[in-house]
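I opened this notebook to keep track of what I looked up, one entry at a time. The entries follow the order in which I went through the structure.

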Amino acid sequence: MKNHKRFWPLALTQTAVAAIALVAYGSAAAQAITLASTTSTEQSGLFTHLLPAFKQATGIDVKVVAVGTGQALDMARRGDADVLFVHDQVAEEKFVADGWGVKRYPVMYNDFILVGGKADAAGTKGNDIAAALKKIAAANAEFISRGDKSGTHAAELRYWKIATEGVKGSGYKECGCGMGPALNIAASSGAYALTDRGTWLNFKNRDNLAVLVEGDKRLFNQYGVMVVNPAKHPHVKQAEAQKFVDWVVSPAGQSAIAGYKINGEQLFFPNANP
């Protein structure tokens, strides 16, 4: 009996400790959200700059899954993300209209640019993206497309449609990859590629690549942020996800975005509607 008297308090103590640990684990899990975003935001280095400030302000950890915008939206439709940070406004607005997202908030913008070999064999240099793509198609010059249903890929296809009704020439190649790998392929062969400016500024392996087309107002590149609708997926951490949205569009979040620079050059600009 004496042994039993010693055993039960010990067992109860172990149970209590386990219960406390479980509660603590549950609390920690509740303070972490999954953010589905684009390779451009991740490869530009923005989240390395932004998320520590958000964690300091709220105590919430953010796990970033960086894929193309199309894949990010698909992730959210499956319920595999709590919040989205992407850049294809047409697709984002449809996502919300179809009930998958709660509300779309414009959060920041930069622009797309056309890069290519410094020799610019097709003679694209200027500030007219449609004219440049016409020349690339006519010359059958090598063009590396992400081909991954990303926001950048969607924009590129819009520009091709404006320029040539979608005719791209025999030099057009799809890599099915993120922005960084696409630029690596272009750099190795001096090919043309469309990229967001943020990834370009953070891209180290430029070789002989140069910016050839910029300044066309059609190259405007806006990012939006949305909480995944818990009516579709009840497990979505709506409260924590909304805290992220509220912070990133707040003066503190917008200031953090504006403060991210490489070699003194700002990569993203707060908010803005097209």
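I began with His235 and found that, once residues up to four places away in sequence are set aside, His235 touches Gly79 and Asp82, where contact means heavy atoms within 4.5 Å. This is a predicted model, in which local features need pLDDT of at least 70 and side-chain atom pairs count only at pLDDT 80 or more, while totals for chains, interfaces and linings use all residues. Residues are numbered from 1 along each chain as its sequence is written, and side-chain values use heavy atoms, with hydrogens and water left out.

I then noted that a polar atom of the His235 side chain lies 2.7 Å from the backbone oxygen of Gly79, which I read against the rule for a polar contact (a pair of N or O atoms within 3.5 Å; within protein, one must be able to donate a hydrogen and the other to accept it, and residues adjacent in sequence count only if both atoms are side-chain atoms). His235 is found in the loop between strand E9 and helix H10 (238-248), these elements being DSSP runs numbered from the N terminus (helices are H or I with at least four residues, strands are E with at least two). The C-alpha atoms of His235 and Asp80 are separated by 9.6 Å, although the two residues are 155 residues apart along the chain.

Is His235 buried or exposed? I recorded it as exposed because its relative accessible area is 51%, the classes being buried under 20%, exposed over 50% and partly exposed in between, with a 1.4 Å probe and protein chains only.

My next entry is on Glu92, which lies in helix H5 and is buried, with a relative accessible area of 0%. The side chain of Glu92 reaches the backbone nitrogen of His87 at 3.3 Å. Leaving aside neighbours within four places in sequence, I listed Val86, His87, Arg104, Gly224 and Met226 as the contacts of Glu92.

I turned to empty space, since rolling a probe the size of a water molecule over the atoms shows where it is left. On a 1 Å grid over the protein atoms alone, a cavity is a set of points where a 1.4 Å probe fits but cannot get out, and a pocket is an open set with protein on both sides within 12 Å along at least five of seven lines; lining residues have an atom within 4 Å of a point. Grid points are joined across faces, edges and corners, and a volume is the space filled by probe spheres set on them.

The search of the whole structure gave 1 cavity of 30 Å³ or more, and about 40 Å³ of space lies in the largest cavity. Its lining includes Phe143, His153 and Leu194, and strand E5 (143-145) and helix H7 (151-164) each supply at least two residues of it.

The largest pocket has a volume of about 250 Å³ and is lined by 15 residues, with Gln89, Arg158, Phe220, Asn221 and Gln222 nearest its centre. The largest share of that lining, 5 residues, comes from H7.

Last, I followed Leu194 into strand E7 (residues 193-196), where Leu194 and Asp196 point one way and Ala193 and Thr195 the other, all of them buried. In E7, Leu194 is the bridge partner of Leu114.

How values were computed
Two strands pair if DSSP finds at least two bridges between them.
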